[in-house]
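This report goes through a strand arrangement and a ligand site. Please have the sequence and the coordinates open while reading.

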Amino acid sequence: MKHLLGIKNISKENIIQILATAQNFKEVLQRPIKKVPSLREVTIANVFFENSTRTRLSFELAEKRLSADVINFSASSSSVKKGETLLDTVQNILAMKVDMIVMRHASVGAPHFLAQHIDANIINAGDGTHEHPTQALLDCFSIQEKLGTIEGKKVAIIGDILHSRVALSDIFALQKLGAEVMICGPLTLLPKYAYALGVKIETDVMKALEWCDVANVLRIQLERQQIKYFPSLREYSLYFGITKEMLDKLNKEIVLMHPGPINRGVELSSDAADSHHSIILDQVENGVAVRMAILYELAQGK
Ligand code: CP
């Protein structure tokens with residue numbers, strides 16, 4: 001692998017290799033000295049054209065734990081504001097002898113476009129509503145850690161599937177690893193191409209919860225709702241919001257996930273998000289080890 005642009009075009013073997021390497025790095029992160037010299041010769045630029053908390057910080061921490069040199073670029077305080085293009089921006093960063101680019105961009109396909117023009121490794125940290133491959137890998141790692149395996153497990157992805165880059169990457173990764181996947185939400189927030197994805201489709205949240213071993217709840221992407229997909233947040237919460245009471249009355253073990261940031265009281269009540277069902281903060285913790293593994297594997301490939 002030279003780049004990690006998405007999950008669609010990587011193999012099951014690539015995914016298994018990254019998860020195994022992440023397990024080793026998770027063990028490193030439990031030690032008093034959490035740093036290894038693996039990327040001592042490597043310089044990485046984190047290039048973020050969209051806001052981020054978890055992805056940006058865990059990439060930066062992963063890079064520092066691997067002893068890489070790190071620079072951070074934020075579009076809002078850069079010369080992009082003066083009209084500089086994406087390609088010019090990245091080529092100027094690479095002129096400073098940078099080896100890898102971690103990029104988040106609002107446009108679908110932005111990292112794929114870059115990959116055609118530059119020689120450095122590129123990691124897609126989220127491109128518009130398309131893919132978020134590192135989130136899918138940390139989600140798979142977290143499910144495997146909690147349930148022992150992904151093969152044969154039932155995973156329901158619930159919420160705003162239409163605007164979610166996590167949904168598509170999760171579907172590809174989970175299916176490659178042998179899980180059954182369901183998507184659930186109001187029909188207006190399910191993409192038209194959903195039928196081509198080989199997933200079950202459900203509009204009743206309680207039925208989805210009864211079916212699954214893992215409920216991965218996605219946030220309503222308020223910043224991407226140019227038109228009204230549902231009457232109000234209150235109504236969305238009433239029909240599609242998940243509460244602890246709903247999880248408790250299932251009479252089975254269920255794993256609750258969310259990629260963050262959570263809209264508390266909309267897709268998840270606070271008591272559900274903070275309940276014993278939730279592995280949301282484990283996902284965040286695992287993000288560092290998984291991103292260390294991705295950086296390490298790409299550096300080996302180069
Ligand atoms: N899950 C995720 O991508 O969160 P951030 O937008 O905070 O990076």
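Predicted model: local features only at pLDDT ≥ 70, side-chain atom pairs only at ≥ 80, totals over all residues.

## Sheet

Four parallel strands make up an open sheet, ordered β2-β1-β3-β4. The edge positions are taken by β2 (69-74) and β4 (121-127); each has a single partner strand, so one side of each is left without a neighbour in the sheet. From one strand to the next, the twist averages 15°.

Strand β1 (residues 43-48) and strand β3 (residues 100-105) run parallel and are joined by five bridges. Opposite Val-47 stands Met-103 in β3.

## Helices on the sheet

Helix α2 (residues 54-65) packs on the sheet and touches β1, β2, β3 and β4. The direction of α2 makes about 175° with that of β1.

Helix α11 (residues 280-301) also packs on the sheet, where it touches β1, β3 and β4. Between the directions of α11 and β4 the angle is about 150°.

## Ligand site

Which residues are around the ligand? They are Ser-52, Thr-53, Arg-54, Thr-55, Arg-104, His-132, Gln-135, Pro-259 and Gly-260.

Gly-260 contributes a backbone N or O atom, 3.4 Å from a nitrogen atom of the ligand. The ligand taken alone exposes 260 Å², of which the protein buries 91%.

Conventions: Residues numbered from 1 in each chain as written. Heavy atoms only, no water. Pairing = 2+ DSSP bridges. Helix = DSSP H or I, 4+ residues; strand = E, 2+ residues; numbered from the N terminus. Axes fitted to C-alpha atoms, helices over the stretch in contact; angles between N-to-C directions. Contact = heavy atoms within 4.5 Å. Near = heavy atom within 4 Å. Polar contact = N/O pair within 3.5 Å; in protein donor to acceptor, adjacent residues only side chain to side chain. Areas by Shrake-Rupley, 256 points an atom, 1.4 Å probe, with all protein chains shown as cover.
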